Amino acid sequence: MSAAAVRKNQVQPLVYDLGLLFPVLLLVGLGIVMVYSASSALAFKDFGSGYFFLKKQALFSLIGIVVLVLFSYVPFRIYRMLTYPALIITALMLVAVAFSSMGVTAGGSSRWLQLGPLRFQPSELARLALVIYLAYSMSKKDDLLRDFYVGFLPHVMVLGLFVLLLVVQPDFGSMVIFALLTWIMLFVGGCRISHLLMVVPVLAPMAWIFMTSADYRVQRLLSFLDPWKYRTEGGYQIVHSFMAFGTGGITGVGLGKGYQKLFYLPEPHTDFIFSVIGEELGLIGVLVVILLYGIMLMRGIHIARHAQDRFGAFLAMGITVTLGLQVCINMGVALGLLPTKGLTLPFLSYGGTSLLINMAAVGIMMNIGARDART
């Protein structure tokens, strides 16, 4: 056996993509600090300890790092075999959330599943399962993606199933993410533009009916158009988010010295942690966060473009797109550019399910990129 063959058969160490790993770890570290800063007053009021959310977020982060490392060693092609089991299991979880006693309701929505001491959001798992399904299906069909009945309709039907299950919760933010994710991946994969555009006349009225079918959603829409007019009602969150950014200025008021988090800005450690960053770290802190996300997303695109096969390319692109959508929507809401939605900021916001799934997704991307680097 030749020396080259021996080297090929040996187990090679994983080549870590530092351009992807460092931004993620920096965001996770900053997230721990900002979760504590944003939640200490709330935690002391509700739980008698200002460290309540800090301890949990630190634990989630440590577990998340382990998850990232483990998934970075799992060959990404294994997910081909897990495509349909993942779809079925996550769909059943969403059904359980909506129609069983295991579903947990908070804030008017049933988005959590309680399994003994474990509570998590199945929609986070379902989003990754949808990415894997789209990557597998699109890579298998290749040129047939331009065919309506082969390349377009099956993917939209799977999307429709998830959307229906999310409507019951309801979780409009996840529905938007799922729909945009599917549209962008099909566009990147080569689906006909005419097929992608033909759903707009159908989906637009359905989205409008859904948004106007409940008073609180109508209030959110009106508050988005004129938050100051409804500053004591539906525009309360956005107005106080504006105040946080305005107070922060260029350099911020200082870490831990923010005012809006003190029972003025709702959910300061989850949905509106970007506003707390804007107030305490100022424009400089905001730009640093955006730069870290930009580096992460550019590395994701690089990995997708240089993947060994179409499945790896679509999988890396899907993960990059879903992370990018979460970032853009959360920041857009905090800055008043989009109507209020309950979406966390990846790696920064408090939340175990979101953090662990996103860390697993980054691990998958690292495996795709590492295998390319070793060839």
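Arg-80 forms a salt bridge with Asp-309, with the closest N and O atoms 3.8 Å apart. By salt bridge I mean a side-chain nitrogen of Lys or Arg within 4 Å of a carboxyl oxygen of Asp or Glu. A word on the source: this is a predicted model, where local features need pLDDT of at least 70, side-chain atom pairs count only at pLDDT 80 or more, and totals for chains, interfaces and linings use all residues. Residues are numbered from 1 along each chain as its sequence is written, and side-chain values use heavy atoms, with hydrogens and water left out.

Now the domains. The chain is divided into domain 1 (31-73 + 230-374) and domain 2 (78-213). Those bounds come from an automatic or database domain assignment. The two centres, taken over C-alpha atoms, are 22 Å apart.

How many salt bridges cross the interface of domain 1 and domain 2? The rule finds 1. On the side of domain 1 that touches domain 2, the elements giving two or more residues are H13 and helix H14 (352-373). H13 gives the most, with 12 residues. Helices here are DSSP runs (H or I, at least four residues), numbered from the N terminus; strands are E runs of at least two.

In contact terms, 23 residues of domain 1 meet 29 residues of domain 2. Contact means heavy atoms within 4.5 Å. The area buried between the domains is about 2300 Å², and carbon and sulfur atoms give 77% of that. Buried area is the accessible area (1.4 Å probe) that two parts lose on being put together, summed over both.

Next, the core. The largest nonpolar core has 91 residues. Among those with the most contacts inside it are Val-24, Phe-162 and Phe-347. Helix H13 (residues 310-334) supplies the largest share, 15 residues. Both domain 1 and domain 2 put in at least three residues each. Such a core is a set of buried Ala, Val, Leu, Ile, Met, Phe, Trp, Tyr and Cys residues joined through side-chain atoms within 4.5 Å. Buried is under 20% relative accessible area, exposed is over 50%, and partly exposed is in between (1.4 Å probe, protein chains only).

Look at Phe-347. Leaving out residues up to four places away in sequence, Phe-347 touches residues including Val-24, Tyr-293, Leu-323 and Leu-355. Apart from this core lies another, of 5 residues, among them Met-93 and Phe-120.

Ser-61 sits in helix H3 (residues 52-73). Buried or exposed, Ser-61? Buried, at a relative accessible area of 4%. With the sequence neighbours up to four places away left out, Ser-61 touches Val-28, Ile-32 and Leu-355.

Back to charges. The total is 6 salt bridges. Arg-299 pairs with Asp-17 at 2.9 Å between the closest N and O atoms. Arg-299 is in helix H12 (residues 273-305) and Asp-17 is in the loop between helix H1 (3-9) and helix H2 (18-47), so this pair ties together parts 282 residues apart in sequence. Arg-299 is partly exposed at 26%. Asp-17 is buried at 12%.

Glu-124 and Arg-127 form another salt bridge, at 2.3 Å. Both lie in helix H5 (residues 122-141), 3 residues apart, about one turn of the helix.

Last pair: Lys-261 and Glu-280, 2.7 Å from N to O. Both are buried. And a network: salt bridges that share partners join Arg-77, Arg-80 and Asp-309.
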